[in-house]
Amino acid sequence: MKKLTKVFLILVTVFISFFNFIALASAAEFEGQTVKIGVVGEEYEELWEFVAERAKEQEGIDIEVVLLTDYNIPNVALADGSIDLNAFQHDVFLENWNKENDGDLVTIGYTVAVPTRIYSDKYKSLDELPEGAKIAVNAAPTSLGYNLQSLERAGLIKLAESDELLPTLNDIEENPKKLEIVELDAANIPAAVSDVDAAFIDDSFLASTDFRPNDAIYVYGDTPETLNLSRVNNIVARSEDKENPLYLKIVELFQTDEVAQEIDRIFEGGSIAAWDLVEQAEKE
């Protein structure tokens, strides 16, 4: 009996040692590796610095967060190898960029959903907009198209039926209030708020204004029912890296309850954690 007990204890010790070894090997798999990720907007920089701390503590991964100034830079920087990943765009923007630049960048994970919001320092609702009101929109093709679709959804304009994915100003078929649509670079819209009657302000640049998300006079895409899956923000890699274990580990480190709580704290509802919503929507 004593021999059996001794053998049993030896086996338990061996198994414990083996699994401890596996756990340590797993934890050390990415130890000392560095990943450069490009983001746009100081709030997203803060969010990814939080992820970087967790990556260092849990996996020994050094994430270098690179703050870029506008939406034209991150995909170029990723394609030319200046950075390893970027996290600033949605699939529509990515597909359009790939098409225009003969690119092959790919989504490897989802981060946040950013509801469309219109702000005004003059009016409290879209119904109050006068005839001839000026509305600032994001001039980037993918954003312009969605801004126009949002104005149509809100009942302010009607767009002509078209096979084109991205409507333009030329597609406005009805404009009963004779609204003046002012195209601006996303980074310049906050400074133009006082010169227009209403403006689409990207969440990345909201911190440079006095607005908070709940100040918006129009919101769309803040519920599971209105979530636009093609416009959920993503983590993007070069196509040859789409199954890179290190980069997939970054996705895993991002998609946690702790990061979701940090998103709520930083963005105050402006951006919402989206990975669970995407998973639910894909099952439907």
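Trainee: Is the crossing of H2 and H8 right-handed or left-handed?
Mentor: This is a predicted model. In it, H2 packs against helix H8, residues 257-267, with the axes 10 Å apart. The handedness of the crossing of H2 and H8 is right-handed.

Trainee: Are H2 and H8 roughly parallel or roughly antiparallel to each other?
Mentor: The two helices pack at an angle of about 155°. Angles over 145 degrees count as roughly antiparallel. H2 and H8 are therefore roughly antiparallel.

Trainee: Which residues of H8 make the contact with H2?
Mentor: Start on the H2 side. That helix brings Glu43, Tyr44, Glu46, Leu47, Phe50, Val51 and Arg54. From H8 come Glu258, Val259, Glu262, Ile263, Arg265, Ile266 and Phe267.

Trainee: How many residues of the contact of H2 with H8 are charged?
Mentor: Sort them by class. Eight are nonpolar and none is polar. The charged residues number six.

Trainee: Which residues does phenylalanine 50 touch, leaving out those up to four places away in sequence?
Mentor: Phenylalanine 50 lies in helix H2. H2 packs with H8, and Phe50 is among the H2 residues that make that contact. Phenylalanine 50 touches Glu258, Val259 and Glu262.

Trainee: How many Å apart in space are phenylalanine 50 and valine 259?
Mentor: In sequence they are 209 residues apart. In space, C-alpha to C-alpha, the value is 7.8 Å.

Trainee: Are H2 and H7 roughly parallel or roughly perpendicular to each other?
Mentor: H2 covers residues 42-59, and H7 covers residues 245-254. Their axes come within 10 Å and cross at roughly 110°. Angles of 65 to 115 degrees count as roughly perpendicular. H2 and H7 are therefore roughly perpendicular.

Trainee: Which residues in H7 meet H2?
Mentor: The crossing of H2 and H7 is right-handed. On the H2 side stand Leu47, Trp48, Val51, Arg54, Ala55, Gln58 and Glu59. They meet Lys249, Ile250, Leu253 and Phe254.

Trainee: How many residues of the contact of H2 with H7 are nonpolar?
Mentor: Take the other classes before that one. One residue is polar and three are charged. The nonpolar residues number seven.

Trainee: How much space lies in the largest cavity?
Mentor: The structure holds two cavities of 30 Å³ or more. For the largest cavity, the space is about 500 Å³.

Trainee: Which residues of the lining lie nearest the centre of the largest cavity?
Mentor: The lining has 29 residues. By class, 14 are nonpolar, 11 polar and four charged. Nearest the centre lie His90, Val114, Thr116, Ser143 and Asp202.

Trainee: Which residues of the lining lie nearest the centre of the largest pocket?
Mentor: About 250 Å³ of space lies in this pocket. It is lined by 17 residues. Nearest its centre are Tyr71, Asn72, Phe93, Ala140 and Pro141.

Trainee: Which element gives the largest share of the lining of the largest pocket?
Mentor: Two or more lining residues come from each of helix H4 (91-101) and H5. By class, the lining has nine nonpolar, five polar and three charged residues. The largest share, five residues, comes from H4.

Notes
Residues are numbered from 1 along each chain as its sequence is written. This is a predicted model: local features need pLDDT of at least 70, side-chain atom pairs count only at pLDDT 80 or more; totals for chains, interfaces and linings use all residues. Side-chain values use heavy atoms; hydrogens and water are left out. Axes are lines fitted to C-alpha atoms, for helices over the stretch in contact, and angles run from 0 to 180 degrees between N-to-C directions. Helices (H or I, at least four residues) and strands (E, at least two) are DSSP runs, numbered from the N terminus. Angles under 35 degrees count as roughly parallel, over 145 as roughly antiparallel, 65 to 115 as roughly perpendicular and the rest as oblique. A crossing is left-handed if the near helix is turned anticlockwise from the far one by less than a right angle, and right-handed if clockwise. Contact means heavy atoms within 4.5 Å. Ala, Val, Leu, Ile, Met, Phe, Trp, Tyr, Cys and Pro count as nonpolar, Asp, Glu, Lys and Arg as charged, and the others, Gly among them, as polar. On a 1 Å grid over the protein atoms alone, a cavity is a set of points where a 1.4 Å probe fits but cannot get out, and a pocket is an open set with protein on both sides within 12 Å along at least five of seven lines; lining residues have an atom within 4 Å of a point. Grid points are joined across faces, edges and corners, and a volume is the space filled by probe spheres set on the points.
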